[in-house]
Amino acid sequence: MWLLALAQFGDFRERNGVTAKAIIGDLFTMVDDPTIVGPKQAYRYIPGGMMVVENGIITAIGPQADVQPTLVPGTEVRDHSGQLITPGFIDTHIHFPQIDMIASYGEQLLDWLENYTFPAEAQYSDPAHAADAAEFFISELLRNGTTSALVYGSVHAQSVDALFEAAHTRNMRLVAGKSLMDRNVPDAVRDTAESGDSDSRMLADKWHGKGRLGYAVTPRFAPACSDEQLMRAGKMLQEYDGLLMHTHMSENTAEIAWVAELYPEAKDYLDVYDSFGLLTDHSVFAHCIHLGGDEFQRMSEANAAIAYCPTSNLFLGSGLFHLKEAEKYGVKVGIGSDVGAGTSFSILTTMAEAYKVGQLRGHKLDPMKSFYLATLGGANALNMGDRVGSLEVGKEADFLVYNMTATPLLARRLKHCKSIEETLFVLSILGDDRVVAETCIAGEKAYFQQPD
């Protein structure tokens with residue numbers, strides 16, 4: 001029925017100047033959570049498929065033989081026959097101001113913040129430094145196939161300004177916020193409850209809803225925010241339509257003990273955020289390694305989300321996230337690189353670490369679940385699953401084209417794959433930035449590999 005309608009309205013599109021592109025390739029997308037519907041029912045795979053994109057939106061997708069006859073004369077055709085095409089990756093937790101101290105040696109969370117992170121973030125008071133770093137950061141996301149992300153800025157408003165400017169230039173669907181922290185941090189990265197609130201509102205007024213951008217109220221974590229700052233954050237979250245709330249929770253046992261000292265009246269870490277109105281269906285909590293069943297249950301009831309960050313959890317020795325517990329309680333989960341505690345921008349590399357964490361936890365992470373977390377699951381965690389995260393009619397056309405011969409080992413191994421499931425698993429274990437041949441934003445090439 002859709003293809004028939006597409007053909008019937010071809011003349012209308014020509015008269016109204018709608019630009020169309022047709023992309024040929026082996027199309028793969030998740031359409032649901034495999035934990036809920038089963039791995040076989042959760043994806044669609046169309047070898048030899050064709051996807052039509054008009055003004056950045058997918059308007060048709062199916063076998064090439066079915067879609068090609070409906071194309072408007074003059075449609076640009078991009079032929080990636082034999083190459084895999086998937087939705088772009090969604091990074092649900094990453095720090096923009098930590099790119100220059102990634103791979104810093106020898107500390108766990110609290111000492112790592114003091115010795116490496118806060119000194120690096122202090123440099124973002126300089127607008128020129130922030131602008132230079134923003135260009136690198138956005139380019140690195142695209143080079144690794146990440147088309148959307150939820151991003152921490154530094155405490156400085158200019159860092160978020162620079163980030164939004166770089167993302168807006170590339171038409172990315174990206175959400176970010178100024179870090180709020182008015183206590184227990186060095187003066188160079190400290191705001192006040194009043195300045196943090198006014199800066200956040202200024203940035204949200206300027207950028208939220210501009211192009212494909214969104215704003216996130218961003219408390220650093222409970223120990224770094226006064227009660228007044230958390231109260232103001234909760235108020236802002238209520239007053240603005242469509243904002244996210246992005247923070248850290250239960251990453252490290254010393255951190256959790258510190259929160260218990262600061263908030264002896266709270267029954268757990270989650271209760272601290274809840275008491276300030278920060279546990280909502282727009283809340284994204286990074287890490288959540290050491291949650292109890294009651295916390296998972298309350299998160300599920302609130303429809304809040306978790307950003308699962310396996311590379312940083314391992315690098316800082318924080319612990320092993322219990323994905324099966326989150327699934328048991330029905331909590332939304334996406335995957336996050338968490339650069340710079342995370343050690344790679346590559347979501348494929350992050351998926352490999354998630355698989356290893358699953359092995360240590362005693363469960364096998366199915367490749368369909370991995371790709372769900374990295375695409376549609378991440379989009380759902382960020383409340384944008386109606387727009388991005390899958391290749392479906394009506395969705396925004398953010399997608400990747402894969403280089404299946406990126407390395408000799410990968411090329412050799414993929415020749416022995418007997419199913420799309422095996423192919424995806426191999427890509428998630430052996431793949432990295434070299435696998436990304438093209439990254440497309442709203443149907444336009446935002447990154448492509450240069451030929452040798």
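Colleague: Where does Asn303 lie?
Modeller: Asn303 lies in a loop, between helix 12 (293-302) and strand 12 (305-308). Keep in mind that this is a predicted model.

Colleague: Why is Asn303 called partly exposed?
Modeller: Its relative accessibility is 37%. Buried means under 20%, and exposed means over 50%. Asn303, at 37%, therefore counts as partly exposed. Its backbone deserves a look too: phi of Asn303 is positive, about 60°, although the residue is not a glycine.

Colleague: What is phi of Asn55 near?
Modeller: Phi of Asn55 is near 50°, a positive value in a residue other than glycine. Asn55 sits in the loop between strand 2 (43-54) and strand 3 (57-63).

Colleague: Is Asn55 buried or exposed, and how do you know?
Modeller: Asn55 has a relative accessible area of 54%. The cut-off for exposed is over 50%. So Asn55 is exposed.

Colleague: Which peptide bond is cis, and what is its omega near?
Modeller: The bond from Val339 to Gly340, with omega near 5°. Gly340 is placed in the loop between strand 13 (332-335) and helix 15.

Colleague: Now the charges. How many salt bridges does the structure hold?
Modeller: It holds 31 salt bridges. Side chains of opposite charge can pair when their charged atoms come close.

Colleague: What makes Lys369 and Asp33 a salt bridge?
Modeller: The closest N and O atoms of Lys369 and Asp33 are 2.9 Å apart. The limit is 4 Å, from a side-chain nitrogen of Lys or Arg to a carboxyl oxygen of Asp or Glu. The pair of Lys369 and Asp33 qualifies as a salt bridge.

Colleague: Which parts does that pair tie together?
Modeller: Lys369 lies in helix 16 (residues 367-374), and Asp33 in the loop between strand 1 (20-30) and helix 3 (34-37). The pair therefore ties together parts 336 residues apart in sequence.

Colleague: Are Lys369 and Asp33 buried or exposed?
Modeller: Buried means under 20%. Lys369 has 6% relative accessibility, so Lys369 counts as buried. Asp33 has 11%, so Asp33 is buried as well.

Colleague: What about Glu327: how far apart are the closest N and O atoms in its salt bridge with Lys324?
Modeller: They are 3.3 Å apart. The limit is 4 Å, and Glu327 forms a salt bridge with Lys324. Both lie in helix 14 (residues 323-329), 3 residues apart, about one turn of the helix.

Colleague: Why is Glu327 called buried, and why is Lys324 called partly exposed?
Modeller: Glu327 has 18% relative accessibility, so Glu327 counts as buried. The buried class is under 20%. Lys324 has 39%, so Lys324 counts as partly exposed.

Colleague: Which residue forms a salt bridge with Glu325?
Modeller: Lys328 does, with the closest N and O atoms 3.7 Å apart. Glu325 and Lys328 are 3 residues apart in helix 14, so about one helical turn separates them. Glu325 counts as partly exposed at 21% relative accessibility. Lys328 counts as exposed at 57%. Elsewhere, salt bridges that share partners join Asp197, Arg201, Glu228, Arg232, Lys235 and Glu239 into one network.

Colleague: How do you know that Asp182 has no salt bridge?
Modeller: The nearest side chain of opposite charge, Arg183, is 5.3 Å away. A salt bridge needs a pair within 4 Å. Asp182 is buried yet has no salt bridge.

Colleague: What joins the side chains of Asp182 and Ser226?
Modeller: A polar contact of 2.6 Å. The limit for a polar contact is 3.5 Å. Asp182 is placed in the loop between strand 8 (179-180) and helix 8 (193-207).

Colleague: What does the side chain of Arg361 reach?
Modeller: The backbone oxygen of Leu320, at 2.6 Å. Arg361 is found in helix 15 (residues 347-361). Its relative accessible area is 34%, so Arg361 is partly exposed.

Colleague: Last one. Which residues make the nonpolar surface patch of about 230 Å²?
Modeller: Leu409, Ile429 and Leu430 make that patch. Leu409 is in helix 18 (residues 408-414). At 55% relative accessibility, Leu409 counts as exposed.

Key:
Residues numbered from 1 in each chain as written. Predicted model: local features only at pLDDT ≥ 70, side-chain atom pairs only at ≥ 80, totals over all residues. Heavy atoms only, no water. Patch = residues over 30% accessible without salt bridge, like charges linked within 9 Å, V, L, I, M, F, W, Y side chains within 5 Å. Areas by Shrake-Rupley, 256 points an atom, 1.4 Å probe, with all protein chains shown as cover. Helix = DSSP H or I, 4+ residues; strand = E, 2+ residues; numbered from the N terminus. Buried < 20%, exposed > 50% of the residue type's maximum accessible area, 1.4 Å probe, protein only. Lys, Arg positive; Asp, Glu negative; His and termini not counted. Polar contact = N/O pair within 3.5 Å; in protein donor to acceptor, adjacent residues only side chain to side chain.
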